[in-house]
Amino acid sequence: MRNPVHPPVPGSDAAELLQKRALVGHERLDSLLLGVPEDIVGLRRLVRESWQRSASLQANPDVAEAPLAMDRDELEEYRRQHPLATIMPVIKKLLVQPSHDSGLLVAVGDDVGRLLWVDGDPVMQRRAEGMMFVAGADWSEASVGTSAPGTALALDRSIQISGAEHFKRSVHPWSCTAVPFHDPDSGAVLGVVDITGTETAVAAHTLSLVEATVAAAQAQLRIERLTLAAAVKDKPRRRSAAAASGHVLYRNSLQLLGRDQALLSIDGRTVSLSARHSEILAILSSHPSGLSAEDLCTQLYPGDGSAVTLRAEMVRLRKVIHELSPGAVPESRPYRLPVELLPDSGQVLSCLQRGAHRIALEIYKGGLLPRSEAPGVVQLRDRVSHLLREALLSDGSVDSLLKYAELPEAKYDVDLRLAALKLLPPRSPKRAAVVADLERIETELTL
């Protein structure tokens, strides 16, 4: 099979040939990134495209170690608050315990590629420390280039990376298999589960094992949520007891894209907010350290904002949030959110940062609170839209460009359609529709 999705069987002639081609690719890395045809380099297509993304994100193949993203205290607090913490017993039973004497490591990372747990064979753990494959390190494509954890998140699919297919040369002795972990309710990416080690880490049965483990863990998370919901419905007081236990089963979220009124979800409960409350949370969620009353007024009101009006709005907003979770009520002096709140706009920006344009586009449902005229919202809306558009123009596929062109904000975007035409094959049936769309734009703008 030409250009296979998964690497050949470890130890086979095909596997040996793949490694030789990958090493040749590294010798010609500069020319490869300028567009040498894949049949000359001989890399798998997904690896070649990942190398190109890695270079565009300025990952350095010659830096031996991954960067440390969190110190020990930050890591402990972040892990405690992360939904994946509650399913770690499943991961440990199915993957970690069997790996202790197998020469393999098991890593669980978050949705932006930071490793939260690394466990397994003690000897391999010590070796892996040399390249900073440790809890708290950043293994996204933007930081280390092609690797199973980072590339699985960038493509939102199961990935196996073998030896010299890694972008970073210090990782060539290693192979790895990674599978994204999705929220069982929303489908959003919560993190990634990875097995790293020698050639056995990319065996076919390894991929099946990791996928089965992730499926079991996702099912367990769903069961725990249903159990908690039933307990809360039976006795509401149990909600605070569950929170006090430290079990975080949900990612608190704020849906802002393509809607005039945001949806706020905290601890599995969701409420539709008023337009003004949507603006306030959109602004506060993008300023985690908080804003003074004066700064929030400036970002919230197009003219001269009234501190009195703001205080009244905050009183009403606090009542709404208190019904969801008393611990999530916004603080004052400065105004800030006491809990982590993940806006969908933030997810888009995070995906763009790690080169996952396709996932960013899937999340992007349109402009952020499109009718809002609040200065802070307008600024955030323009930033998200601009960065997504520029990323697609620079490195987007034809399908991504055409999908973005269907959004209202791209109705008259000529450059986007010209970029799609350049990528479409001469005989593609899609060309006619793009040309017709360009003619429509010319006609409507002329009128």
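This is a short tour of the structure in your viewer, stop by stop, with something to select at each one.

**Stop 1: Confidence**

Keep in mind that the model is predicted. Colour the protein chain by pLDDT to begin. The mean pLDDT of the chain is 87, and 91% of its residues reach 70 or more. Now select residues 36-40, where pLDDT stays under 50. For this stretch the model has 12 contacts beyond four places in sequence. Then select residues 237-246, where pLDDT also stays under 50. Here the model has 8 contacts beyond four places in sequence. Look at both stretches with caution.

**Stop 2**

Select Ala15, which sits in helix H1, residues 13-27. Is Ala15 buried or exposed? Its relative accessibility is 12%, so Ala15 counts as buried, the cut-off being under 20%. How far apart in space are Ala15 and Ser162, C-alpha to C-alpha? They are 8.7 Å apart, although 147 residues separate them in sequence.

**Stop 3: Helix H12**

Move on to helix H12, residues 275-285. This helix is mostly covered, with 9 of its 11 residues buried. To see them, select His277, Ser278, Glu279, Ile280, Leu281, Ala282, Ile283, Leu284 and Ser285. What do the buried residues of H12 pack against? Among the helices, their partners are H13, H14 (307-324) and H17. The strands they pack against are S6 (253-255), S7 (263-266) and S9 (342-343).

An α-helix has 3.6 residues a turn, so residues three or four places apart point the same way.

**Stop 4: Where H13 meets H17**

Two of those partners deserve a view of their own. Select helix H13, residues 293-300, together with helix H17, residues 375-395. Their axes come within 5 Å and cross at roughly 65°. H13 and H17 are therefore roughly perpendicular to each other. Which residues make the contact? From H13, pick Thr298, Gln299 and Leu300. From H17, pick Pro375, Gly376 and Val377. The residues of this contact divide into 3 nonpolar, 3 polar and no charged.

**Stop 5: The loop between H14 and S9**

Select Arg333 and Pro334, which are both in the loop between H14 and S9. The peptide bond from Arg333 to Pro334 is cis, with omega near 0°. Arg333 also has a positive phi of about 55°, although it is not a glycine. Show the surface around Arg333: with a relative accessible area of 85%, this residue is exposed.

**Stop 6: The loop between H9 and S3**

Now select Asp156, found in the loop between helix H9 (148-155) and strand S3 (159-162). Asp156 has a positive phi of about 55° and is not a glycine. Because its relative accessibility is 29%, Asp156 counts as partly exposed.

**Stop 7: Cysteines**

Finish with Cys176 and Cys351. Are they buried or exposed? Cys176 is buried, with a relative accessible area of 3%. Cys351 counts as buried too, at 4% relative accessibility. A disulfide is a covalent bond between the sulfur atoms of two cysteines. How many disulfides does the model have? With a disulfide taken as a pair of cysteine sulfur atoms within 2.5 Å, the count comes to 0.

Methods
Residues numbered from 1 in each chain as written. Predicted model: local features only at pLDDT ≥ 70, side-chain atom pairs only at ≥ 80, totals over all residues. Heavy atoms only, no water. Axes fitted to C-alpha atoms, helices over the stretch in contact; angles between N-to-C directions. Helix = DSSP H or I, 4+ residues; strand = E, 2+ residues; numbered from the N terminus. Parallel < 35°, antiparallel > 145°, perpendicular 65-115°, else oblique. Contact = heavy atoms within 4.5 Å. Nonpolar A, V, L, I, M, F, W, Y, C, P; charged D, E, K, R; others polar. pLDDT = per-residue confidence, 0-100. Buried < 20%, exposed > 50% of the residue type's maximum accessible area, 1.4 Å probe, protein only.
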